[in-house]
Amino acid sequence: MRRFLDRLYDGAGALGAFCVFLIFVLMIWAGLGRQFNWRVSGINDIVAWLCAAASFFAMAHAFRHGDFVRVTLLLEAVPPRVRRMLELVCLFIALVCVGYLTWWATSFTWESYEFAEMATGLVVIPIWIPQSTFVVGCWLLLLALVDETVVVLRGGKPSYQRAVEARHAAGDFSSDV
């Protein structure tokens, strides 16, 4: 199960990176198109959707690899047992918040699907299609939070903490700046 979840998070991160690559390609295409008077006006809609998709697809991967902004000043100053309890409190708060976001995102996107709502920009498609990337990303982040909470409840060290410690061991302190 661990291998499957890690591959799922890595795959979602790769999909987010691919969305960023597509943004790059479309922006270059749009820049060239404007120079040659091509019709490129709908590209801005697609780029906006890809920005959201890139962000939400990459969240679970970023969370697991310690790439979220975390203020650990207090956590580093307390004994391990207290740190574990504080980690659990933070994880439970995050579970509630992300669970709420996921529920509403799913409900909102389902309503868009039910009412056959269309995008209002230059590219007219069913809006639930780009909204679904938001939903999938939320569900993946919620799954990563549940996964991490279970690990910490079982007495394990959080993956984001292990990732930061591994970077420090390798001499990389760039995330501490």
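**Labels and their cut-offs**

Modeller: Buried residues make up 34% of the 177 residues in the protein, where buried means under 20% relative accessible area, exposed means over 50%, and partly exposed lies in between, with a 1.4 Å probe and protein chains only. This is a predicted model, in which local features need pLDDT of at least 70 and side-chain atom pairs count only at pLDDT 80 or more, while totals for chains, interfaces and linings use all residues. Residues are numbered from 1 along each chain as its sequence is written, and side-chain values use heavy atoms, with hydrogens and water left out.

Biologist: How many helices and strands does the protein have?

Modeller: The protein has six helices and zero strands, and from the N terminus on its elements run α-α-α-α-α-α. Both kinds of element are DSSP runs numbered from the N terminus, a helix being H or I over at least four residues and a strand being E over at least two.

Biologist: What makes the pair D147 and R2 a salt bridge?

Modeller: The closest N and O atoms of D147 and R2 are 2.4 Å apart, and a salt bridge requires a side-chain nitrogen of Lys or Arg within 4 Å of a carboxyl oxygen of Asp or Glu, so the pair qualifies. D147 sits in helix α5 (residues 128-153) and R2 in helix α1, 145 residues apart, so that the pair links distant parts of the chain.

Biologist: Which residue forms a salt bridge with R2 at 3.2 Å?

Modeller: That residue is D6, whose closest N and O atoms with R2 are 3.2 Å apart. D6 and R2 are four residues apart in helix α1 (residues 2-35), and are therefore separated by about one helical turn. D6 counts as partly exposed because its relative accessibility is 27%.

Biologist: What does the salt bridge between R64 and D147 tie together?

Modeller: The side chains of R64 and D147 meet with N and O 3.6 Å apart. R64 lies in helix α2 (residues 43-64) and D147 in helix α5, so the pair ties together parts that are 83 residues apart in sequence. Salt bridges that share partners join R2, D6, R64, D147 and E148 into one network, and the structure holds six salt bridges. R64 counts as buried because its relative accessibility is 8%.

Biologist: How do you know that the span of α5 is close to the expected one?

Modeller: The expected span is 1.5 Å times one less than the number of residues; α5 has 26 residues and reaches 36 Å from its first C-alpha to its last, which is close to the expected 38 Å. Just after α5, G155 takes a positive phi of about 95°.

Biologist: Why is V136 called partly exposed?

Modeller: V136, which is found in helix α5, has 38% relative accessibility and therefore counts as partly exposed. The C-alpha atoms of V136 and A12 are separated by 9.4 Å, although these residues are 124 residues apart along the chain.

Biologist: What share of the contacts in the protein with a separation of 6 or more joins residues 24 or more positions apart?

Modeller: Such residues account for 71% of those contacts, a contact meaning heavy atoms within 4.5 Å.
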